[in-house]
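The following questions and answers concern one protein structure. Please examine the sequence and the model before reading on.

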Amino acid sequence: MNEKPFFYHYERFLGAKRGNTTRSFYEPPTIYPPNSATLVSRVWHSNKSPSVNDGLKTGSCWCSVDDYCMCTPMLGVDVILTSSDKRDVWLVKRKDTGKLALAGGYVEVGESVEEACRREVNEELGIDLLDYDSPLNLIGVYSDPRRDSRKHSVSTVYHLELPWNGTFTAGDDAMEVIRFPLSGVENLESMHTDHKTVLLDFINNHMSSANDDPGVTSPIKRSICRK
C-alpha cells in the first residue's frame, strides 16, 4: 500500500531522472497481512479479485491517503518485432520458464504504453526503437482474466518492422533472443501466457490476403485491430 501522496513519488521520479539524487524513484509499498486493521478500515471500491477463476491472484491494488482503495488488472505491453518482409519475428526466451515470448513487460507509473514498449525492447533486446523510422502499430488489446495464470493483466500489443538483419543482445529477464519464422508459430507447443494466440491473430489479420477470414479460434477474449 502506497501511503504517500502522488507528488511525493513524482518528485522522487524527477530527481532520479535528473540524476541529482542517489535514491530510486520507486519506493516499495508497505505490505500488510489480509486481516490487518489498517486494511480492514479502508473503503474498497472494487471486488478486489477476479471471480472468473478462483485460482487467479489479484491484479494491482493501491490505497490513497484518504482511505480510497481499489484493485485493478495490471497493464502491460507486448511488441511483435518482425523483419521488413514479415517472414520472421524476434522472440525472447525467458529466464524463468525457458518459454518463448514476445518482447514486453509492465507499464511503469509515469509512462505511456508507447514509452513502455521502447523501454522494454531496449532492456530485453538492447536496441532503441527511436533509431528506426518504422512506427509502432496497434495490433490489439488482450484483457481476458484467463490469459495469464499468475494474475489478471491486460496487454496492449504493438507491431514494429525492423529493417535490420543483425543480432540482438539479450538482457533483463530475457535469456536469449531468437529469430523465428512466423510460418512455424502454429506448430509451437506453447508460449508464454497467450503470446501464441497474439501471433496467430497477427498472422491472420495482418498477413492474410483473405479479408473475410473469420479469424483464429481461441477461448481468450480480446479486441483485435483488423487491417
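Contact means that heavy atoms lie within 4.5 Å. This is a predicted model, in which local features need pLDDT of at least 70 and side-chain atom pairs count only at pLDDT 80 or more, while totals for chains, interfaces and linings use all residues. Residues are numbered from 1 along each chain as its sequence is written, and side-chain values use heavy atoms, with hydrogens and water left out.

Q: Which residues does Leu75 touch, not counting residues up to four places away in sequence?
A: Leu75 lies in strand S4; helices (H or I, at least four residues) and strands (E, at least two) are DSSP runs, numbered from the N terminus. The C-alpha atoms of Leu75 and Val107 are 5.9 Å apart, although 32 residues separate the two in sequence. Not counting residues up to four places away in sequence, Leu75 touches Tyr106, Val107, Val113, Val154 and Thr156.

Q: Is Leu75 buried, partly exposed or exposed?
A: Buried means under 20% relative accessible area, exposed means over 50%, and partly exposed lies in between (1.4 Å probe, protein chains only). The relative accessible area of Leu75 is 39%. Leu75 is therefore partly exposed.

Q: How many helices and strands does the protein chain have?
A: The protein chain has 227 residues, of which 38% count as buried. Among its contacts with a separation of 6 or more, 62% join residues 24 or more positions apart. The secondary structure of the chain consists of four helices and eleven strands.

Q: Why does the pair of Trp90 and Phe168 count as edge-to-face?
A: Rings of Phe, Tyr and Trp (its six-membered ring) pair if their centres lie within 6.5 Å; planes under 30 degrees apart count as stacked, over 60 as edge-to-face and the rest as tilted. The structure holds one aromatic pair. Its rings, those of Trp90 and Phe168, have centres 5.2 Å apart and planes at 85°, so the pair is edge-to-face.

Q: How many residues apart are Trp90 and Phe168?
A: Both Trp90 and Phe168 are buried. Trp90 is in strand S5 (residues 88-94), whereas Phe168 is in the loop between strand S9 (153-162) and strand S10 (174-181). The pair thus links distant parts of the chain, 78 residues apart.

Q: What is the distance between the end C-alpha atoms of helix H3?
A: The expected span of a helix is 1.5 Å times one less than its number of residues. Helix H3 (residues 113-125) has 13 residues, so the helix should span 18 Å. The distance between its end C-alpha atoms agrees, at 18 Å.

Q: Which residues of H3 are buried?
A: What covers the buried residues of H3 includes strand S4 (74-83), S5, strand S7 (103-106), S9 and S10. The buried residues are Val113, Ala116, Cys117, Arg119, Glu120, Val121, Glu124 and Leu125.

Q: With which residues is Glu123 in contact, leaving aside its neighbours within four places in sequence?
A: Glu123 is in helix H3, and at 30% relative accessibility Glu123 counts as partly exposed. Its C-alpha atom is separated by 5.7 Å from that of Gly171, 48 residues away along the chain. Leaving aside neighbours within four places in sequence, Glu123 is in contact with Gly171 and Asp172.

Q: How many of the twelve residues of H4 are buried?
A: Helix H4 (residues 195-206) reaches 16 Å from its first C-alpha to its last, close to the 16 Å expected at 1.5 Å a residue. What covers its buried residues includes S4, S5, strand S6 (100-101), strand S8 (137-142), S9 and strand S11 (222-224). H4 is mostly covered, and its buried residues number ten.

Q: With which residues is Thr197 in contact, leaving aside its neighbours within four places in sequence?
A: Thr197 is found in helix H4. At 14% relative accessibility, Thr197 counts as buried. Leaving aside neighbours within four places in sequence, Thr197 is in contact with Tyr142, Ser218 and Arg222.

Q: What value does the phi of Thr193 have?
A: Thr193 is found in the loop between S10 and H4, and counts as partly exposed at 28% relative accessibility. Thr193 is a residue other than glycine, yet its phi is positive, near 45°.
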